[in-house]
Structure formats: structure tokens, C-alpha cells
Amino acid sequence: MAKKQQSDQKQSDYVVHVAVAVIRGDDGRILVARRPDDKHMGGLWEFPGGKVEPDEDLKEALNRELMEELDITVSTFQPLITIQHQYPEKTVLLDTWLVSGVNGTPKGNEGQEVQWVEADGLTGLDFPPANEPIVNAVLLPGQYMVTGLFSSAAELIEKVSRQLENGLRLIQFRAPWLQEKPYLHLARELHHLCQPFNAKLLLKGDPELLQETWCDGIHLRSDQLSIPASEWKRYRRKGQWLAASCHNEEQLRAAEVAGMDFVTLSPVRPTKSHPGRLSMGHERATELTLCSRVPVYWLGGLGRSDESLAIDCGAQGVAGIGAFWLTH
Ligand SMILES: Nc1nc2c([nH]c(=O)n2[C@@H]2O[C@H](COP(=O)(O)OP(=O)(O)OP(=O)(O)O)[C@@H](O)[C@H]2O)c(=O)[nH]1
Ligand SMILES: [Mg+2]
């Protein structure tokens, strides 16, 4: 018995490296396949892919798996997210890439059902438990703006409008100097501005704010991460985002435990707003990002032009106040 337990332990400690492809077609839709019934997580939807063989790099593994399973290859690769997940029977490392430039017409070579879906439709499909952060990473944009100082409502509205016109789709309304009532009043106005762009506005505050029917989500300070996940679940409606600010490994783990959908990690570089504060640098930020089980935006001293650098290091993209708020 003791021996069996030991070998079970070994089995789940061993990490299976899996190459996973979020395949984006020319029309922006995503290809999903249903896992054959006799396989692990059988009957659930998946992003196609499979185990990386010892002598393969990720791109080779992806194209081999896509040819075997779907009769296609892809030509463009962008890292999306790396998720380590422990199932009771095994541990997988889902090395997930956003791929495009599809050659061929996908067909289920193993008899599996395949379909193209709009990104928004992914939340309605049943995926294996490890896939939740992958779906979030597909839905989230590469840039996240935090609002900066403003001296009037007109200035705030003008600046947010300009950034929406520039293509921004995720905004955190931060104004810690305002009382709750004027803050919520302005937040409502910003929400109306965001709606025609299908952009999301996250509020700063307590979990109760999730009860506001117009609230797209909330962004927590790191010191609010001790609030148990059950507190959020009570208020949360489908489609609302939960995010938190993290500055170190401990807070990243706390954010995962608290059920956050994504986090910001800061300060990656020195910032003008916190002059004396030590920044962690790219190397440490990359290490922390690769271990995170939720999408990470790099924050602090980064500009919009750093988005691809952050993505190449495993992040969802960049977040910023200065970089977005002060530029035209
Ligand atoms: N391909 C893929 N695998 C996933 C996803 N999510 C997830 O938990 N997995 C898990 O990753 C593991 C490896 O994937 P796989 O079964 O596709 O591997 P494979 O194509 O090499 O299959 P094979 O071993 O039958 O040859 C499985 O345990 C599977 O349940 C996903 O979205 N796509
Ligand atoms: Mg497979």
C-alpha cells in the first residue's frame, strides 16, 4: 500500500510538457476540438496540441500535433500563457501559444468534433479545469490602462475617450483621492463611454461593488488579497473580471488562491511615481510571470511599445498609468 502511494505520488510529481495551440483563423475565430471520450478529460473541449517529444522545440511539436490531429500546419506563433496544473492523476505544463497562418482545412483525424468559435463564445464551452486561465488570456487584450491624475470630469472623459479611440479595451478607474459617491458617479459615466467600444472598466474598491449591475469587474490592492474567494463568489456575475496588484511571489500565490482572473506585477522598471522604490527588473519579472497561474500584466516604467517584449517574456502585455495617460 505504502509502495502504491509512493508510485502515485511520483506519477503526479512528473510534469508532462504539453504544446497547446490557440488557433486563430483569418476571421478572428478560434478553433476548438472535442477530446476523444477514451482520453484524459475525454468529452471536454480543448485547444488542440499534445505532448512535446524530447528532441523537439515547441513550434515543431505544435506543427506535428496539428498535422496528426487536424491535418493542418500554422506559420505564426506568439506565446500566450504557460500553466502548470496538478490533476489528481498527473501534472501538466500547458505551454500555450496563439497561432495563426493556418495551412489546410482542419478536420478531426481522430474522429473528434472540431468547430470555429468567436472568442466570446469560449466561456460557454466545457474545458478541462486547467484551461480557465487560458480562456481568460484569449479574452484579455495586450494593454491595460490605469487612469492617472485629472483635475475635472471633462478632462477625465476626454482622456479616456481618446484612449478608447486609440484602441484601448481594458481600463482601471483609479482615483483614491475621491470619496465613494463622486467616484461611482464618474465611474458610471466612464462605463457609458466604454460600452460602444465593448471595452471593460474595472473599479477599485470592495467586493460589494460587484453587485452594481453595470460593474465590469474590480481591481484589488495587494492588501485586499486575504479576503477569501468565497466572499467574491457571492457577488460575482458571469463576465465580471477580478484582478489584483501584485509585487512579489507571495502575493501572486495569494491572488491565485483568492480566485483572481489576472494580475498586474510591479514595479518592473523604476517609475517616476515611486522614485525611491526598488524595481524587480525584466529577469525577475519573467521568472515570476512564468510561474503564475493567471495572466500577468507588467506594470511600472513600461510604455505601450513594450507590449511585445512583455508578451515574449510570458506576460499578457503591459499595464500603465504614465504611458497611456500622458501621451496623445
Ligand atoms: N491538447 C490539450 N491538452 C490539454 C488541454 N487542457 C488540458 O488539461 N490538457 C491535458 O494535457 C494532457 C496532454 O494532452 P494530449 O492528450 O492532447 O496529448 P497527446 O495529443 O500527445 O495525446 P496522446 O498521449 O494520446 O498521444 C492531457 O492530460 C490533457 O487532458 C488542452 O486545452 N489541450
Ligand atoms: Mg492531443
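This is a predicted model: local features need pLDDT of at least 70, side-chain atom pairs count only at pLDDT 80 or more; totals for chains, interfaces and linings use all residues.
Residues are numbered from 1 along each chain as its sequence is written, chains are lettered from A and ligands numbered from 1 in the order in which they are written, and side-chain values use heavy atoms, with hydrogens and water left out.

Around ligand 1 there are 19 residues, of which Arg 35, His 40, Phe 47, Lys 51 and Tyr 87 come nearest; a residue is counted here if one of its heavy atoms lies within 4 Å of the ligand. This shell divides into 8 nonpolar, 4 polar and 7 charged residues, where Ala, Val, Leu, Ile, Met, Phe, Trp, Tyr, Cys and Pro count as nonpolar, Asp, Glu, Lys and Arg as charged, and the others, Gly among them, as polar.

Taken alone, ligand 1 exposes 630 Å², and 85% of that is buried by the protein; accessible areas come from the Shrake-Rupley method with a 1.4 Å probe.

Two or more residues of the shell are given by each of strand E4 (49-51), helix H2 (58-70) and strand E6 (91-103). The largest share, 3 residues, comes from E4. Helices (H or I, at least four residues) and strands (E, at least two) are DSSP runs, numbered from the N terminus.

A closed barrel of 8 strands runs E8-E9-E10-E11-E12-E13-E14-E15 with parallel pairing. Its neighbouring strands are turned by 25° against each other on average, direction ignored, with axes fitted as lines to C-alpha atoms. Two strands pair if DSSP finds at least two bridges between them.

Gln 172 stands opposite Leu 202, and Phe 173 has Leu 203 as its bridge partner. Leu 203 also stands opposite Ile 218 in E11. E10 and E11 (residues 217-220) run parallel and are joined by 2 bridges. E9, helix H5 (residues 180-194) and E10 make a right-handed β-α-β unit; right-handed means that, with the strands pointing away from the viewer, the path from the first strand over the helix to the second runs clockwise.

How values were computed: Axes are lines fitted to C-alpha atoms, for helices over the stretch in contact, and angles run from 0 to 180 degrees between N-to-C directions.
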